Amino acid sequence: EPEVTQTPSHQVTQMGQEVILRCVPISNHLYFYWYRQILGQKVEFLVSFYNNEISEKSEIFDDQFSVERPDGSNFTLKIRSTKLEDSAMYFCASSVGQHEKLFFGSGTQLSVL
Amino acid sequence: GESVGLHLPTLSVQEGDNSIINCAYSNSASDYFIWYKQESGKGPQFIIDIRSNMDKRQGQRVTVLLNKTVKHLSLQIAATQPGDSAVYFCAEKDTGNQFYFGTGTSLTVIP
């Protein structure tokens with residue numbers, strides 16, 4: 001069964017450093033998302049991406065965040081200058097259509113020290 | 001913003017019994033709902049979905065019920081098994097691009 005893959009599974013970084021989280025969505029999906037989940041809390045929307053541009057973003061997704069689809073398969077989330085409060089599990093997701101179910105990857109656990 | 005919440009944070013059931021997990025939502029414009037299962041250290045896994053033009057949908061051992069009048073969603077798991085132990089989230093969506101997730105219910109199946 002096709003699945004969303006994310007790398008790395010764990011990322012430890014120093015505060016102020018840049019990190020790039022990588023995702024390979026399911027190949028025939030057209031909509032891509034990043035969500036995050038702080039330990040013990042709900043899954044929160046960060047950004048949605050369609051047709052090579054951001055279609056919606058949340059308040060969390062400030063100027064320190066960016067997304068990119070550099071080629072036909074990868075979808076990345078960059079945090080330019082990480083803060084302690086960025087520590088969370090980051091999930092990539094994709095869907096066939098805008099109003100279809102999301103398929104999630106296994107996540108990248110980001111720890112900012 | 002939207003509010004999606006769960007009535008109970010934890011639920012324990014005996015193996016073989018049926019489980020019912022509830023979810024309340026506040027956005028009357030929401031028209032698509034999904035139940036996800038999340039095991040420790042993993043991403044949310046799709047279980048079943050329902051659109052607002054339906055009030056019931058069945059899958060394998062799972063049933064989702066939607067009551068739009070009171071903005072309530074439930075997940076019923078038949079013959080609960082130890083492998084069903086996980087956190088269950090409901091998620092809702094309106095015409096926008098994002099799903100809103102509830103805080104989750106932790107289901108523990110007692111052998």
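Across the interface of chain A and chain B, one salt bridge is found. The model described here is predicted. The two partners of that bridge are A:Glu100 and B:Arg51, whose closest N and O atoms are 3.5 Å apart. Nine residue pairs, both members at pLDDT 80 or more, are in polar contact across the interface of chain A and chain B.

**The interface between chain A and chain B**

- Four strands of chain A, namely strand 4 (31–37), strand 5 (43–50), strand 6 (53–57) and strand 9 (88–95), each supply at least two residues of the side that touches chain B.
- The residues on that side of chain A divide into eight nonpolar, seven polar and four charged.
- In terms of contacts, 19 residues of chain A meet 23 residues of chain B.
- In chain A, the residues that lose the most area to chain B are A:Lys42, A:His99 and A:Lys101, which together account for 29% of what that side buries.
- The area buried between chain A and chain B is about 1,800 Å², and carbon and sulfur atoms give 51% of this area.

**Salt bridges**

- Over all chains, the search of the whole structure finds five salt bridges.
- B:Asp49 counts as buried at 9% relative accessibility, whereas B:Arg57 is partly exposed with a relative accessible area of 35%.
- A further salt bridge joins B:Arg61 to B:Asp84, with the closest N and O atoms 2.9 Å apart.
- B:Arg61 is partly exposed, with a relative accessible area of 30%, while B:Asp84 counts as buried at 7% relative accessibility.

**Aromatic pairs**

- The count of aromatic pairs over all chains comes to 17.
- A:Tyr31 and A:Tyr50 form a stacked pair, with 4.2 Å from centre to centre and 5 degrees between the planes.
- A:Tyr31 lies in strand 4 of chain A and A:Tyr50 in strand 5 of chain A, so this pair ties together parts that are 19 residues apart in sequence.
- A:Tyr31 is buried, with a relative accessible area of 12%, whereas A:Tyr50 is partly exposed, with a relative accessible area of 33%.
- Ring pairs also link a cluster made up of A:Tyr33, A:Tyr35, A:Phe45, A:Phe91, A:Phe104, B:Tyr36, B:Phe46, B:Phe89 and B:Phe101.

**B:Gln38**

- B:Gln38 lies in strand 4 (residues 32–38) of chain B and is buried, with a relative accessible area of 10%.
- Leaving aside neighbours within four places in sequence, B:Gln38 is in contact with A:Gln37 and A:Phe91 of chain A, and with B:Gly43, B:Pro44, B:Ala86, B:Val87 and B:Phe89 of chain B.
- A polar atom of the side chain of B:Gln38 lies 2.9 Å from the backbone oxygen of B:Lys42.

**A:Asp86**

- A:Asp86 is placed in the loop between strand 8 (75–79) and strand 9 of chain A and counts as buried, at 3% relative accessibility.
- The side chain of A:Asp86 reaches the backbone nitrogen of A:Lys83 at 2.8 Å.
- Not counting residues up to four places away in sequence, A:Asp86 touches A:Arg36, A:Phe65, A:Ile79, A:Ser81, A:Leu110 and A:Val112.
- A:Asp86 and A:Tyr31 are 55 residues apart along the chain, and their C-alpha atoms are separated by 24 Å.

Methods:
Residues are numbered from 1 along each chain as its sequence is written. Chains are lettered from A and ligands numbered from 1 in the order in which they are written. This is a predicted model: local features need pLDDT of at least 70, side-chain atom pairs count only at pLDDT 80 or more; totals for chains, interfaces and linings use all residues. Side-chain values use heavy atoms; hydrogens and water are left out. Contact means heavy atoms within 4.5 Å. Buried area is the accessible area (1.4 Å probe) that two parts lose on being put together, summed over both. A salt bridge is a side-chain nitrogen of Lys or Arg within 4 Å of a carboxyl oxygen of Asp or Glu. A polar contact is a pair of N or O atoms within 3.5 Å; within protein, one must be able to donate a hydrogen and the other to accept it, and residues adjacent in sequence count only if both atoms are side-chain atoms. Ala, Val, Leu, Ile, Met, Phe, Trp, Tyr, Cys and Pro count as nonpolar, Asp, Glu, Lys and Arg as charged, and the others, Gly among them, as polar. Rings of Phe, Tyr and Trp (its six-membered ring) pair if their centres lie within 6.5 Å; planes under 30 degrees apart count as stacked, over 60 as edge-to-face and the rest as tilted. Buried means under 20% relative accessible area, exposed over 50%, partly exposed in between (1.4 Å probe, protein chains only).
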